[in-house]
Structures are given as structure tokens and as C-alpha cells.
Amino acid sequence: MSVHKSEIKKITTHQLQEMKNRGEKIAMLTAYDYSMAKIIDGAGIDIILVGDSASNVMAGNETTLPITLDQMIYHGSSVVKAVNRALVVVDLPFGSYQGSSVEALRSAIRIMKEAGAHAVKLEGGSEVKDSVERILTAGIPVMGHLGLTPQSIYKFGTYSVRAKEEAEAKKLLEDAILLQECGCFALVLEKIPATLAKQVASALHIPVIGIGAGPDVDGQVLVMQDMLGINQDFKPRFLRRYADLHSAITNAVGQYVTDVKAKEFPNKDEMY
Ligand code: KIV
């Protein structure tokens with residue numbers, strides 16, 4: 001039996017909260033384009049993050065810093081058009097929200113209006129409190145992001161595990177509580193010790209989604225190109241590869257090249 005678009009129950013921030021309340025884990029992946037978003041939405045993903053990791057995996061930049069608000073809106077609108085069920089969260093890129101809370105709200109409004117996103121995500125704790133609060137006043141749901149925050153890579157100097165020291169762990173917990181009090185509907189914790197992530201997830205009533213943060217959080221997120229084995233260079237310990245699309249694509253393209261050169265494609269059934 002086919003399911004009509006109108007019969008599909010869309011994921012909302014309220015449903016994500018209910019999932020946490022009943023102990024159901026939340027599955028989140030990144031996507032940046034229409035075709036992939038359509039596949040993962042159909043496969044039952046709960047949240048699609050149009051991450052600023054698009055700067056790395058789509059544009060080939062070394063960091064997330066160069067991607068612009070216009071480019072995030074382009075990726076976001078491509079994803080939104082494909083999605084029937086998942087909640088679509090779009091990252092506010094570096095430089096679009098740190099200047100002032102007014103600028104942050106203006107950027108978030110552009111993402112909601114021009115991409116058709118359902119929520120925005122931004123990095124940081126007390127430093128971005130005013131921006132989070134102002135965005136929320138416009139009725140735009142906000143997801144926080146603490147731990148390894150790649151937009152601050154030049155401050156950290158490395159992509160290694162964050163908050164291993166007591167002082168940083170304490171600040172992270174305080175920031176998590178602050179973001180919840182401001183009204184964030186969920187929080188991403190990236191690359192921090194599993195024990196700290198567990199402590200944060202049990203201290204907060206909002207859903208906490210981990211990447212490299214262990215199993216005792218309310219959901220998991222991965223970058224799609226990494227978990228599908230498209231990107232072979234990135235091999236952190238937390239990454240599980242669910243497919244080897246690099247080999248699958250290489251083999252398929254190699255076979256196509258062979259067939260074209262051997263004049264075996266197209267055959268008599270593949271023409272008009
Ligand atoms: O941009 C991104 O892909 C992210 C995830 C790693 C959480 O922020």
C-alpha cells in the first residue's frame with residue numbers, strides 16, 4: 001500500500017521531546033542536496049541536519065568557516081523540497097550570528113523564509129545567549145551545539161576530544177543548562193567524553209544528540225558522506241561505516257568507462 005504525503009506524520013520538536021520522554025532514541029544525519037535527502041527521509045530518519053559540514057564534504061574546504069549564508073540557504077532549500085517526514089535543521093554558518101543578536105535573528109529568518117527550514121542550529125554557549133534568545137522570540141526553534149564546535153577550530157587548534165579537563169567539562173554542563181533555559185529544543189554534543197555526555201543528557205529534559213559522545217544520550221548524528229563510506233579520508237574512532245559507497249561508485253564508473261570504450265554501451269535495447 002502506498003503512503004500519501006498527507007498521511008505521513010511529520011516529525012516536530014514536540015515529538016522529539018516525547019521521544020526523549022519515552023526513551024526512544026533519535027536518529028539524525030546530515031544531507032545537503034535533494035536526491036540524498038529524499039533517500040534518507042524515505043528511510044525513516046528523524047532529523048536531517050543541513051550542516052555547515054557542507055563546506056568540507058560538498059565544497060572541499062578544509063574547515064567550515066568559508067561557507068556563506070547564501071550557500072547554506074541553497075543547500076537547505078534543496079533538502080526541504082525532498083523531505084516529507086523529517087525535521088529539517090539548518091546550520092547558521094560562521095559569521096552569520098556572532099556579530100549581534102539582531103544579525104543572528106536576520107540570518108535565522110532568511111534560513112526559515114528562503115530555505116523553508118524547520119529550525120536552525122548554532123554553536124556555542126553563554127557567548128551566544130543573546131542571539132539564541134532573540135531568534136527564539138521570532139518563534140524559530142533553535143538547536144544548540146557544544147563540545148567540539150568546528151567554527152572555533154582556530155581557537156582550539158585541533159579537532160581532538162573536548163572537555164576532558166574539569167574546568168571545560170563544568171563550563172560545558174553550565175552552557176548546556178543555559179541553552180535549555182533559553183528555550184533551545186535540543187542540543188548536539190560533539191566529541192566529548194561519554195561520561196560527561198551521559199551527565200548532560202540526564203541533567204537536561206530536552207533531547208541531547210551526540211556525535212562521538214557515547215551511547216548514553218538521546219540520539220545520534222553522523223555526517224552522511226562519512227557513514228556511507230563516500231569520504232574515505234575521515235576515520236575517527238566514533239565513526240561507524242554502514243556502506244562502502246566509495247568502492248561501489250568506483251566500480252560502477254569503472255564498468256561504465258569499460259563498456260563505453262568497448263562499444264558495449266548502449267546496446268540495441270538501450271536506444272530509440
Ligand atoms: O555541520 C555538521 O555536520 C554538524 C554535525 C557534525 C553535528 O554540525
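Trainee: What should I know about the model and its numbering?

Mentor: Residues are numbered from 1 along each chain as its sequence is written, and side-chain values use heavy atoms, with hydrogens and water left out. The model is predicted, so local features need pLDDT of at least 70 and side-chain atom pairs count only at pLDDT 80 or more, while totals for chains, interfaces and linings use all residues.

Trainee: How many helices and strands does the protein have?

Mentor: Eleven helices and eight strands. These are DSSP runs, numbered from the N terminus: helices are H or I with at least four residues, strands are E with at least two.

Trainee: What makes the strands a barrel?

Mentor: They close in the order S1-S2-S3-S4-S5-S6-S7-S8, with parallel pairing. Neighbouring strands of this sheet are turned by 25° against each other on average, direction ignored. Axes here are lines fitted to C-alpha atoms, for helices over the stretch in contact, and angles run from 0 to 180 degrees between N-to-C directions.

Trainee: What joins S3 to S4?

Mentor: Three bridges link S3 to strand S4 (residues 119-121), and the two run parallel. Asp 91 stands opposite Lys 121 in S4.

Trainee: Why is the crossover from S3 to S4 called right-handed?

Mentor: The chain goes from S3 through helix H5 (residues 101-115) to S4 in a right-handed β-α-β crossover. The term applies because, with the strands pointing away from the viewer, the path from the first strand over the helix to the second runs clockwise.

Trainee: Why is S3 called mostly covered?

Mentor: Buried means under 20% relative accessible area, exposed over 50%, partly exposed in between (1.4 Å probe, protein chains only). In strand S3 (residues 87-91), five of its five residues are buried. Leu 87, Val 89 and Asp 91 lie on one side, Val 88 and Val 90 on the other. Across the protein, buried residues make up 48% of the 272 residues.

Trainee: How do you know that the radius of gyration agrees with a compact globule?

Mentor: The radius is taken over C-alpha atoms, and the globule rule is 2.2 Å times the number of residues to the power 0.38. For 272 residues the rule gives near 19 Å; the protein has 20 Å, which agrees.

Definitions and conventions:
Pairing = 2+ DSSP bridges.
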